[in-house]
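Biologist: I am new to this structure and would like a close look at a single part of it. Please take me through the surroundings of the ligand, starting from a contact within the protein that leads there.

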Amino acid sequence: SDIEEQAARDLGRDLGDALHTAAVFAEKRAMVGYKEQLIATVAHELRNPITAVLGNLDVLAELIAPTPPLEASRRAAERMRALVDDLLALSEADGPQAVPTEPAAFDEAVVETVDLLRTVAAAKEQTLVVAVPSDPVPVLVPRGGLDRVLGNLVSNAIKYTPAGGTVVVDLEAVPAASENPATAVLRVVDTGIGIVEEEIGRVFNAFVRSDDPLARRESGTGLGLAIVARTVQRAGGTVHVDSVHGEGSTFTVTLPLAPTPATPAPPDGPAG
Ligand code: ADP
């Protein structure tokens, strides 16, 4: 019911607000390092009990008829797990990160993320368009990090775009030119609610959620874009947002292109 859904949303928001307050407090006390460690430890310790609660709710759902309190509990537990997973991803993006020796295929990751989110966009009758180059786009980013960047940006675009809107995910390889090295440029463009001008500078900060009532209707932890920013910066890239409130947003990620080893051409033309 609406009341149960509202309760689940409120719970998630309260949890997010409490963590935000705690983070601001810790910052003020200049407990740098300690704050990150505390968050990572708490998230880690909460993950197992939350998984146990979700498992038990599954068992209950099979024993008794679905009831609103059971449904509300499941939604609340799922929100908690999402928050804990985001916190762990954030601390991972912050922690020491080995540069992978094998490049990941950015083009493949883009196509996979879009395919995974197709049903979510379809449920909102949105047009979801993906465009990737036919040649591989290798980047030296751990594949898990790449997937999280894409997942957060594309699911935000769908989430913050009303039914019937359009989301375009476009990947381009920009060759080196004079002193500029070769880059992979990802654009996630939506025709959604946009971001109010005063808030644009803050959206990549952890725990920041918009005060815009249109954005507040959606649930979230305020961690997705912080994970995106840290992961991209770790890999030597940049992330940037252009947005007009009420019209839409464009998130642009630029990553250094990994060199492709020169592969000898097959003797009888391209395969396939
Ligand atoms: P969450 O979505 O969990 O709140 P994020 O860190 O992913 O957290 O995003 C932070 C805030 O930035 C969101 O609360 C929302 O206000 C705004 N935002 C992010 N992506 C978009 C988008 N595509 N369109 C409009 N607003 C967005």
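Modeller: Arg-148 and Glu-92 form a salt bridge, with 3.0 Å between their closest N and O atoms. The model is a predicted one. This pair joins distant parts of the chain, 56 residues apart: Glu-92 belongs to helix H3, which covers residues 68–94, and Arg-148 to helix H5. Across the whole structure, a search finds nine salt bridges.

Helix H5 leads on to the ligand. The shell around the ligand takes its largest share from H5, namely three residues. The elements giving two or more residues to this shell are helix H5 (143–159), helix H8 (224–234) and strand E7 (248–256). There are 20 residues around the ligand, and those that come nearest are Asn-156, Tyr-160, Arg-209, Thr-221 and Leu-225. By kind, the shell divides into nine nonpolar, eight polar and three charged residues.

For Arg-209, an N or O atom of the side chain is 2.5 Å from an oxygen atom of the ligand. For Tyr-160, an N or O atom of the side chain is 2.7 Å from a ligand oxygen atom. For Lys-159, a polar side-chain atom lies 3.0 Å from an oxygen atom of the ligand. On its own, the ligand has 530 Å² of accessible area, and the protein covers 97% of that. As for its place in the protein, the ligand sits in the largest pocket.

Notes. Residues numbered from 1 in each chain as written. Predicted model: local features only at pLDDT ≥ 70, side-chain atom pairs only at ≥ 80, totals over all residues. Heavy atoms only, no water. Near = heavy atom within 4 Å. Polar contact = N/O pair within 3.5 Å; in protein donor to acceptor, adjacent residues only side chain to side chain. Areas by Shrake-Rupley, 256 points an atom, 1.4 Å probe, with all protein chains shown as cover. 1 Å grid on protein atoms, 1.4 Å probe; cavity = no way out; pocket = protein on both sides within 12 Å on 5 of 7 lines; lining within 4 Å. Sits in = over half its atoms within 2 Å of the grid points. Helix = DSSP H or I, 4+ residues; strand = E, 2+ residues; numbered from the N terminus. Nonpolar A, V, L, I, M, F, W, Y, C, P; charged D, E, K, R; others polar. Salt bridge = Lys/Arg side-chain N within 4 Å of Asp/Glu carboxyl O.
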